[in-house]
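Please read them with the sequence and the model side by side.

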Amino acid sequence: MMNRIARWLGARPHRATVTNALMLSALLGMTNSVVLYALMGSIALAGSAANFGYWAAGRSLDANPYRVALTWLPGLLATLLAAAALFLVTQYPAGTLEYGLGAILFAAELAMLVLVGADLARDRAAGEAGTAD
Amino acid sequence: MDFPVFHLDFLGNRWLIASIAILHVLINHGLAVGMMPLVAAMEWYGAKKQDPRWDRLAYEILFACFLVTTTVGALTGVGIWLSVSLVNPYSIASLIRVFFWAWFTEWLVFITEVCLILAYTLTWKEWTVRGGVWKRRHLRLGFALAFFSWVTMAIIVAILGFMMDPGNWLSDRSFWSGVLNPLYIPQLAFRTPLSAAMAGIIAMALILFFTRKHDPFRHDALRAVGLWTLAFAPFVVVAGWWYYSSVPEAMKGNLGVSLATLQFADWQDRFLKIAVVTVGTILVIVQLAISRPNLLPKAALAIPLVAILWLTGHFERVREFIRKPYVIGEYMYANGLRVDDYTLLQRDGVLAHAIYSNPLTEAEKEGLPEGLAPDARNALLARVQKGKDVFMDTCSRCHTGQGVNSVKGHLARMFGDQPWTPDLTGGYIENMHYAQPYMPPFPGNKEELELLGVYLAHLQRNTAPIPGAQSNGVVVKGAAASRIADRTSQGGAAR
């Protein structure tokens, strides 16, 4: 079982990061601490957004407007929705519907942001390796 | 009062207009105004990349839209004219007088739009085969169609904005003041990206039907159309906020009732939260369509599709309701009576100026008190008849007797089982516009307020639906018929 999980995680480089992001979100949801959720959630969001921004900026340099939009919009939306989710979980007490929806949305959007950054990193690596874009 | 009173007592007159008009908005926004630029862009992209898959997909989406817009879309457009003329001929007559040349221009633009969509659809395959200059002409047809679709909306939105806030037209009565009302540009700025976003969501759903599951092109198409939707989403939010900020403050007070009816007025916060969650869900699914289209099952796209249709339809309900008590802001109340005429009507009475009477059916006469002498019964019936005429002329545009939004339902909620005496209901009706700002003031005189009370007291005992002139006919009030409602109608016919 553990070998299978390890193989699955190793098959794609971003899977481990996405899994970590989901586990962090779940942990924060269970801590019942607004301060901790806000602090750790913001750090995780900022880190993922910075990672995405780095890879997106590199890819935008010589791209047409459609490619620029395709590069930036998914990550920007994920950042925005994750920030909105973080706002929800810090404004409403644990156990309320708003808190639950916010926690789920934060986990999903943080994972999405990591995925988008990983996609861009993989595309860049493929480009540098001479693979057609 | 100058027209026979059309009335639907089960669903109510508002539902007739709403069902036709909302369907029309969903079709014209999602399948015409928003979709034509998207289809034209897809065709252009396919031609630029020499990729026939985009061309084929664009044609298939266009054909689906062509079928719906030229049938249900066109019929509901005409249906709006018919329903509004039947339900509130006074308001549409006023609007035609103000916006005659705008509507005439819109008619020309609409005819052009119909010709363009016919040409665009029917020449697609042949002109694509010919290629070269013919394909370029076809592309221009598509962008021209997109432009003209938008122009029809641009003209109509001026009229819709005018209905909520006529702005300077109230003082200078000029055509351009009416067109350039305070709500025109904010509403147009809101509806334009909304149409594009709607079209994007509809197109994503159609893509799942027009492409095969494991075809990589499906992912490219979903990604591109998802991006289209996402690109317009921020403009919907920003322009929506601008539009909301431009709505007159007094009308914003109606928001609670407009969102979910009087019974659920305290659900306002909950309703807004539901709307925010719905928008969030749409964004998440569109996000998936862009980043992980392979994970998106057909059923998932049903959610944003249903959601955007519901949100847009409900927005139309809210827009129409918060305008109350007016149908044309500060100029004409929802009952079809002009604000400026109220002094005259409250002096002379509504019936003095009403051409038609709405005769009671035998079923409507049931429920009179038992044991009345024939003369007394006839006298009471005469007062009930007059009361019914007052009701039909002043209340029936929005209220039914027995059906949706019935006066019986409201009176039962307020007064319960106690007898609805004229003093009881009259005391409320005379002042209801203070307690409920979406209600217009009662336009009749004191005697008519009492006659209305007599009618409402009779309604408490009678369960017959109120027929409209379309099924029950009218009595034309000739010179011999009584015109002034007064208290001498205790016995025998009124003077």
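1. A salt bridge, as the term is used here, is a side-chain nitrogen of Lys or Arg within 4 Å of a carboxyl oxygen of Asp or Glu. By that rule, two salt bridges are found across the interface of chain B and chain A. Glu98(A) forms a salt bridge with Lys273(B), where the closest N and O atoms are 3.1 Å apart.

2. Some conventions should be kept in mind: this is a predicted model, in which local features need pLDDT of at least 70 and side-chain atom pairs count only at pLDDT 80 or more, while totals for chains, interfaces and linings use all residues. Residues are numbered from 1 along each chain as its sequence is written, chains are lettered from A and ligands numbered from 1 in the order in which they are written, and side-chain values use heavy atoms, with hydrogens and water left out.

3. As for the extent of the interface, 15 residues of chain B are in contact (heavy atoms within 4.5 Å) with 18 residues of chain A. The area buried between the two chains, meaning the accessible area (1.4 Å probe) that they lose on being put together, summed over both, is about 1300 Å², and carbon and sulfur atoms give 70% of this area. Leu227(B), Gln287(B) and Arg292(B) supply 41% of the area that chain B buries against chain A, more than any other three residues.

4. Is Thr121(B) buried or exposed? With a relative accessible area of 2%, Thr121(B) is buried, the term meaning under 20% relative accessible area with a 1.4 Å probe and protein chains only. The side chain of Thr121(B) reaches the backbone oxygen of Ile117(B) at 2.7 Å. Leaving aside neighbours within four places in sequence, Thr121(B) is in contact with Tyr59(B), Leu62(B), Phe63(B) and Phe66(B).

5. A nonpolar core is a set of buried Ala, Val, Leu, Ile, Met, Phe, Trp, Tyr and Cys residues joined through side-chain atoms within 4.5 Å. The largest has 113 residues, of which Met35(B), Ile61(B), Leu95(B) and Phe99(B) touch the most other members. Helix α9 of chain B, residues 184-210, gives the most to this core, with 15 residues.

Notes: Buried < 20%, exposed > 50% of the residue type's maximum accessible area, 1.4 Å probe, protein only. Polar contact = N/O pair within 3.5 Å; in protein donor to acceptor, adjacent residues only side chain to side chain. Helix = DSSP H or I, 4+ residues; strand = E, 2+ residues; numbered from the N terminus.
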